[in-house]
Amino acid sequence: MPTHLLLALLLLGSTSPTPKASPSSALWSPPSTRVSRPSFDAVILDLSPLNNSPDVPGVQHWCPSPEQVLSAESGMRAHLLGSLAWHSPRIRADLPRYKRQYVGFVRAGKRLIYIQFFHPDSSPVRDGSWSSTFFTIMGGGDYFFRMLYDPAAKRHFDVWVNAPK
């Protein structure tokens, strides 16, 4: 399935993708803003230039603020404690070391934030591309996981850990 269709399906909520392959494929290198603290390192990717693009039909993006990233980070660990992702020894041990991508999108009229996590030993972190390129990762197990955040309700939901391969 083409990367832009997989992203559109995920962001529109019509299905959740099943990771099937190990390699990752880059969709696009958007404008970005780095947000780092001692407890995390993240980048906000602004995909709003793709609004009304035939490459991502029906998906509207917006750019989260650094303050919204800080809000999402503040309740993240508590949410993960109650999710199946927390059963991963790697995620529990390395959560502060995972790099994050924050992408804003609209689903059913609500502004949500898609957060994608990259383990520090993953190839996008090792080569530095995680901070400037939006990826759709297929496989890789708990080296990659993602969740959604509702900044208006200050609520995390829908955690997905990638399949092993």
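Strand E3 is largely enclosed by the rest of the structure, because 6 of its 6 residues are buried; buried denotes under 20% relative accessible area, exposed over 50% and partly exposed the range in between (1.4 Å probe, protein chains only). The model is a predicted one, in which local features need pLDDT of at least 70 and side-chain atom pairs count only at pLDDT 80 or more, while totals for chains, interfaces and linings use all residues. Residues are numbered from 1 along each chain as its sequence is written, and side-chain values use heavy atoms, with hydrogens and water left out.

In a regular strand, side chains alternate between the two faces of the sheet. In E3, Phe40, Ala42 and Ile44 point one way and Asp41, Val43 and Leu45 the other way, and all are buried. Strand E2 (residues 32-37) is joined to E3 (residues 40-45) by 6 bridges, and these strands run antiparallel; two strands are taken to pair if DSSP finds at least two bridges between them. E2 and E3 form a hairpin with 2 residues between them. Across this pairing, Ser36 stands opposite Asp41 and Thr33 stands opposite Ile44. E3 also pairs with E5, in the parallel sense and over 4 bridges, where Arg100 of E5 is the bridge partner of Ala42.

The protein contains 4 helices and 9 strands. Helices (H or I, at least four residues) and strands (E, at least two) are DSSP runs numbered from the N terminus. From the N terminus on, the order of the elements is α-β-β-β-β-α-α-β-β-α-β-β-β. Of the 165 residues of the protein, 50% count as buried. Among contacts (heavy atoms within 4.5 Å) between residues at least 6 apart in sequence, 60% join residues at least 24 apart.

The largest nonpolar core has 21 residues, and those with the most contacts inside it are Val69, Met76, Leu80, Tyr102, Ile115, Phe117 and Phe145. A nonpolar core is a set of buried Ala, Val, Leu, Ile, Met, Phe, Trp, Tyr and Cys residues joined through side-chain atoms within 4.5 Å. At least two residues of this core are supplied by each of E3, helix H2 (66-81), E6 and E8. H2 gives the largest share, 4 residues. Leaving aside neighbours within four places in sequence, Ile115 is in contact with Ala72, Met76, Arg100, Gln101, Tyr102, Phe145, Arg146, Met147 and Tyr149. A second, separate core of 18 residues includes Trp130, Phe134, Leu148 and Phe157.

The structure holds 5 aromatic pairs. Rings of Phe, Tyr and Trp (its six-membered ring) pair if their centres lie within 6.5 Å, with planes under 30 degrees apart counted as stacked, over 60 as edge-to-face and the rest as tilted. Tyr98 and Phe145 form an edge-to-face pair, at 5.2 Å centre to centre and 75° between the planes. This pair links distant parts of the chain, 47 residues apart: Tyr98 is in the loop between helix H3 (89-94) and strand E5 (99-107), and Phe145 is in strand E8 (residues 144-150). Both Tyr98 and Phe145 are buried. The rings of Phe117 and Phe145 have centres 4.0 Å apart and planes at 5°, so this pair is stacked. Because Phe117 lies in strand E6 (residues 110-118) and Phe145 in strand E8, the pair ties together parts that are 28 residues apart in sequence. Phe117 is buried, with a relative accessible area of 0%, and Phe145 counts as buried at 0% relative accessibility. Ring pairs link Tyr98, Phe117 and Phe145 into a cluster.

His156 lies in strand E9 (residues 155-161) and counts as buried at 8% relative accessibility. The side chain of His156 reaches the backbone oxygen of Ala72 at 2.7 Å. Leaving aside neighbours within four places in sequence, His156 is in contact with Ala72, Gly75, Met76, His79, Met147, Leu148 and Tyr149.

Note on methods:
A polar contact is a pair of N or O atoms within 3.5 Å; within protein, one must be able to donate a hydrogen and the other to accept it, and residues adjacent in sequence count only if both atoms are side-chain atoms.
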